[in-house]
Amino acid sequence: MVPGVITALTSPPFATSSSRSSRFRVGVQRPPELHRRRSSAVPAVRCEASPAPPLTEERLENGASVTGGAYDFSRATTSLTRKMLDSSKRVTLVRHGLSSWNEEGRVQGSSNLSVLTETGAKQAERCRQALSEMHFDQCFSSPISRAKTTAEVLWQGREEPLIFLDSLKEAHLFYLEGMKNVDARKIYPKEYTSWREDPSNFCVYGFYPVRELWGTAREAWKEILLSPGKDFLVVTHKSLLRALICVALGLGPERFRATDINNGGISVFSFNKKGEAMLQSLNMTTHMYEDHVYKY
């Protein structure tokens, strides 16, 4: 719509089947008495044009905008780096495969005692096959066992070494770690309920694990995006992935449970040279159920 112009919809925005036409109608005429009532009560509307935001000159190598125009306007998204990158970037995020504590229903957190199960190793292999035709310049991983082992499966056969970042570690959940969820709910009802239902206010010894996770995620994004290369693979944990996704999208800790990532789930972000993110895919899991190879 051109600024300053009000247009009327004269035809349906989409076609509907005959079975639904009785429910969805566009442009239905009002009874004459309703028109008369409204014409006397509703004043004329005047719409003034507002200046369009300035276009940026940032373009991909082929001359197209990064995301079909979404990056052509200033302040459309927030830079995660606060400085220009050497090129546009693409980051593929992968959650580790099923772990022993996932299987046992235990709270994991930052503990290194939960290891990849046989099923988890198979899931990691499915991820490797699904991404086998994708090029990655570097792979970053959490050093915690279940993520580290998953990354080793995904990265096997590639020449570049794995890079382990402490900023990709899972949230520290203190005395809840290792407890079965059913037991944690009984023994620490207040803390457990807060962790599940109000995570941004979950507090232990004056420490807010989820709020801290947002700072960790920002640090991780900077480390990854400022690294040389254009295409990166990142293997980490569910809570940290939630934080990475929310931080990239400009969402706060109160939105922690607004997304969910399955074991072996794959998400993809693209970044322009200003470090602004656009979510391309979230929690892709087709490869978990059939032989599927991604090309993007």
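**Figure 1. The largest nonpolar core of the predicted model.** In this predicted model, the largest nonpolar core comprises 40 residues, and those with the most contacts inside it are V91, L93, L168, W221 and L244. At least two residues of this core come from each of strand 1 (89–95), helix 6 (189–197), helix 7 (209–225), strand 4 (231–236), helix 8 (238–249) and strand 5 (266–271). Apart from this core lies another, of 18 residues, which includes M134, A147, A151 and L154.

**Figure 2. Surroundings of W221.** When residues up to four places away in sequence are not counted, W221 touches L80, V91, L93, L244, V247, A248, F269 and F271. Among these partners, V91, L93 and L244 are, like W221 itself, listed with the most contacts inside the largest nonpolar core.

Figure 3. An unreviewed UniProt entry carries the annotation "binding site" for R95, H96, G97, L98, S99, S100, W101, N102 and R146. From this set, R95, H96, W101, N102 and R146 belong to the lining of the largest pocket.

**Figure 4. Close-up of R95.** R95 lies in strand 1 and has a relative accessible area of 7%, which is under the 20% cut-off, so R95 counts as buried. Leaving aside neighbours within four places in sequence, R95 is in contact with N102, T236, H237, K238, L241, I261, N262, N263, G264 and G265.

**Figure 5. Close-up of H96.** H96 is found in the loop between strand 1 and helix 2 (100–104), and its relative accessible area of 1% makes H96 a buried residue. Residues up to four places away in sequence not being counted, H96 touches N102, Q108, R146, A147, T150, T236, H237, N263 and G264.

Note on methods. Residues numbered from 1 in each chain as written. Predicted model: local features only at pLDDT ≥ 70, side-chain atom pairs only at ≥ 80, totals over all residues. Heavy atoms only, no water. Core = buried A, V, L, I, M, F, W, Y, C linked by side-chain atoms within 4.5 Å. Buried < 20%, exposed > 50% of the residue type's maximum accessible area, 1.4 Å probe, protein only. Helix = DSSP H or I, 4+ residues; strand = E, 2+ residues; numbered from the N terminus. Contact = heavy atoms within 4.5 Å. UniProt positions renumbered as here; feature names shortened; annotations may be inferred. 1 Å grid on protein atoms, 1.4 Å probe; cavity = no way out; pocket = protein on both sides within 12 Å on 5 of 7 lines; lining within 4 Å.
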